[in-house]
Amino acid sequence: MGVVDEHFIAELRRFSGHHDVLTDPLELLTYECDGLPHLHQKPAVVVLPSSADQVQAIVRLCHQHEVPFVARGHGSGLSGGALPIPGGVVIGLSRLNRVLDVDIPNRRVTVEPGVTNLEITRQVAPHGFYYAPDPSSQQVCSIGGNVAENSGGAHCLKYGFTVHHVLGIEAVLPNGDLVRLDSAIADAPGPDLLGVLIGSEGTLAVVTKVIVRILRRPESVQTLLAAYDSISAAGLAVSEIIAAGIIPAAVEIMDSLSIEAVEAAVHPNFPPADSILIVELDGPVAEVREQFAEVEAICRRAGATTVEVAQDEAHRARIWKGRKGAFASMGRVTPNYYVQDGVVPRTKLPEVLERIRQLEARCGLRIGNVFHAGDGNLHPLICYDEKIPGQSALAAEVGGEILSYCVEAGGSITGEHGVGADKAEYMPRMFSADDIDVMQLVRRAFDPKGICNPGKIFPTPRLCGEVPGPYRAHPMEKAGLGERF
Amino acid sequence: MTDSHTRRGGPSGPPEIQGTASDAIDGVVPRVVAQPESAEDVAAILASASQERAAVVIRGGGTKLAWGRTPSPIDIVLSTKRLDKLVAHEYADLTATAQAGARIDDVNRELARHGQWLPIESPFEGATIGGAVATNDSGPLRHRYGTPRDLLIGIRLALTDGRLIKSGGNVVKNVAGYDLGKLMSGSFGSLAAIVSATFKLTPLPAASSTLIATFDNAAGLVAALSAITGSQLEASTCEVHASALLSPGKAGHYRLLLKFESTPGALNAHVQKARALVDGAQCDVVAAATESDTWRDHGRALWTPPGMVVKAAWLPASLGSVLAFVGEMREHGTDMELSGRAALGSGLFRINGDASTQRAAVERMRSRSDLFRHVVVLRASTELKQTIDVWGSLGDAATLGAAVKHALDPQGILNAGRGPV
């Protein structure tokens, strides 16, 4: 791997503005971590390009000098996917934030990667349209980051993930080539390369333009909130809804600790409960009316102590504010918290939640739970105090234990936050060495020099799938962060 | 290559038989047809073929096998015929796993026992799960449910080096590792062999009916489409059909087929709303067996009469220009028919005539890059396929696709020269 020296920085300044190349230690501080602050690393340099051409020039320079780089959106990622590479370059894409085209007749919007998720909906809302993927961070997260992580959100049960909504992209490959790729949604023949690029966590390319499809607003949206004395009763309601052949737009469950946190922070005024179930249906009026009555009856049959039906948009917004504010609200009940993101087949939820409860009792850390119940995506919130020696490490360990439960139940170590740097070491719990090696072969096809966000997704200590041949020190080894065994 | 054996790799190896004329692809008869019974067999066949640099074509139901370039000699046809099981149906989780050779209709018959289905359609009887994923072929219901790639949540593959690997899993939401299932979508068996695949499922609709709106001019259809897609109706199909065969001698040559799937109580309201929106058309509403027959016939309409079949995409708002193009071609004596996803901008064109007429039509479509994208020839005579690149330009995807192909199939044995990569 090459080194970022004065010559390299001078080159960067040649095609970026002087003020767009940051080397001051104080300025670099912002870029040391993303939304997962316990992983941090100082980069050698941060570049803030304003155009795809500049991104291309930066990547070309990195390629020429074999300098590793990571693209960064708005830094709201929760798996350390934008964690800088030691001695490497951070390409901050926040200045590529233009909405390039709003094409209502063709149901598509073209944006630069630094545009926020919610901005797309803002642009098309006056025409009665919206952009479906809705991660909880949608007010701040960038569409480039959504492409990297294949972001979902509460409504992906019915509407799918980012990969179901991206028609095409423009991107800079790790060798500096600027390419345009259409997805299978746009009928591009051949292997769906864009399909594999979306969700590759910034390891295959740097996206400079994204074309997304937009959807017509549903005619009607109905939301209810049901309170339960136990999480299993709430879970039973979810099973019954699915068994009735109803696919809600969203099905969310929050437990008592997360309810306590959001009440303190955003005051959604939830009824007193051990668990809260939120169910939302959307679609044509006549259909929603009929199915919603059925859902309400199911919720009551499952033992709801209260069922609150959102009477208007403000009421609905208040319910969602409570749900979407859950992570950010945890600060009200704990000095520090660690969000995990595991998935289990929905029917295994009761079993896995029970194991988490036992783990909570054993480890002494409080564990809140907020989850997308419809698709079995758990977000345990592990509370700890970094000032108490050993608690940070314990929280990480507890997170890993929960992921093991998910994998043992036939699930996944991540449903939407990505593997990043945080969970690379857990990949072998889910995938064999051969599985990982073949993924690495694909990575090398895109990035033969291994300079595009190295150290993410794939476990580094065993250095699976490195280019066969003579020994070459891995950047993590060189940086003293990994060793070979 | 070894000579024809009853079993590859000795008595315990996978069964194989000598290729016959019925196995021919574009007239090329494979030396042998292997019929592995397990994933391990598939991997073993690929590993030995790779060592011998034997050209392998993977065959599911064989319904789309002629799509692609004409083959050079084929050593092995790897048939997934015996890998035909529905491995798991986790109905409470709305997921199912099937082996590559399982027939879509057989799988759906099983899934229906629990009121669910895998919304993958094929106009061809005997189409398999593996073939649907490899071609990413879809039908009118793509409007609502997407293509197989959108439903796939996990995949098991046999690689040319003999390894069996997986990507994804059994849960509908999962972003761990690369999604190699996407890479298989549209790969036409050029990268690896699909052994089994896991999908998210959908509840069978409680009720459905279809509104067929017939127009005597293209403008009427385009206006109706705009009214439908601009409304908040949620149709399951939004299908355009333009054919001189539709009603010979009559004015009505353009049809819009809108299928609605909903609750029994709500269904009629949707149909009536749609009917009001397609003002000026002659409308028929079909349900039950008549509806199934309508869709079966619609699916086959392009494939039953003779002619080349071409797939192409366009921007949805350009449908008027696409219909005008079809009209112009007809005026110039080319028999052209269109059937496609009106709201998505994707369709199949059947072009009848001699080889030079057909070739000219494809070249014409490709020259209209302002209108058409991704013009791919699916069905064509061997003669025609030898004079035209069926895939057309892959653009920037060509170099990347070749790099991925080289990484996964370094000997280049899979679907050699025939596939898109």
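Analyst: In this predicted model, in which local features need pLDDT of at least 70, side-chain atom pairs count only at pLDDT 80 or more, and totals for chains, interfaces and linings use all residues, α10(A) packs with helix α8 (residues 264-277) of chain B. Residues are numbered from 1 along each chain as its sequence is written, while chains are lettered from A and ligands numbered from 1 in the order in which they are written.

User: At what angle do α10(A) and α8(B) pack, and how is their arrangement classed?

Analyst: Helices (H or I, at least four residues) and strands (E, at least two) are DSSP runs, numbered from the N terminus. Axes are lines fitted to C-alpha atoms, for helices over the stretch in contact, and angles run from 0 to 180 degrees between N-to-C directions. The two axes lie 8 Å apart at about 170°. Angles over 145 degrees count as roughly antiparallel, so α10(A) is roughly antiparallel to α8(B).

User: Which residues of α8(B) make the contact with α10(A)?

Analyst: Residues are in contact if their C-beta atoms, placed from the backbone, lie within 7 Å. From α10(A) come A:A286, A:E287 and A:E290. Their partners in α8(B) are B:G265, B:A266 and B:A269.

User: Which element gives the most to the side of chain A that touches chain B?

Analyst: The contact between the chains takes 70 residues from chain A and 64 residues from chain B. Elements giving two or more residues to the chain A side include α10 (285-301) and α16 (433-446). With 9 residues, the one that gives the most is α16(A).

User: Which strands stand at the edges of the open sheet in chain B?

Analyst: The open sheet has 8 strands in the order β15-β12-β14-β13-β17-β18-β16-β19, with antiparallel pairing; strands pair if DSSP finds at least two bridges between them. Each edge strand has a single partner strand, so one side of each is left without a neighbour in the sheet. These strands are β15 (282-287) and β19 (373-379) of chain B.

User: Over how many bridges do β12(B) and β14(B) pair?

Analyst: B:L211 stands opposite B:L258 in β14(B). Strand β12 (residues 207-215) and strand β14 (residues 254-262) of chain B pair in the antiparallel sense, and the number of bridges is 9.

User: What distance separates the centres of domain 2 and domain 4 of chain B?

Analyst: Domain bounds come from an automatic or database domain assignment, which gives domain 2 as 86-203 and domain 4 as 302-405 in chain B. Taken over C-alpha atoms, their centres are separated by 27 Å.

Key
Two residues are in contact if their C-beta atoms, placed from the backbone, lie within 7 Å. Angles under 35 degrees count as roughly parallel, over 145 as roughly antiparallel, 65 to 115 as roughly perpendicular and the rest as oblique.
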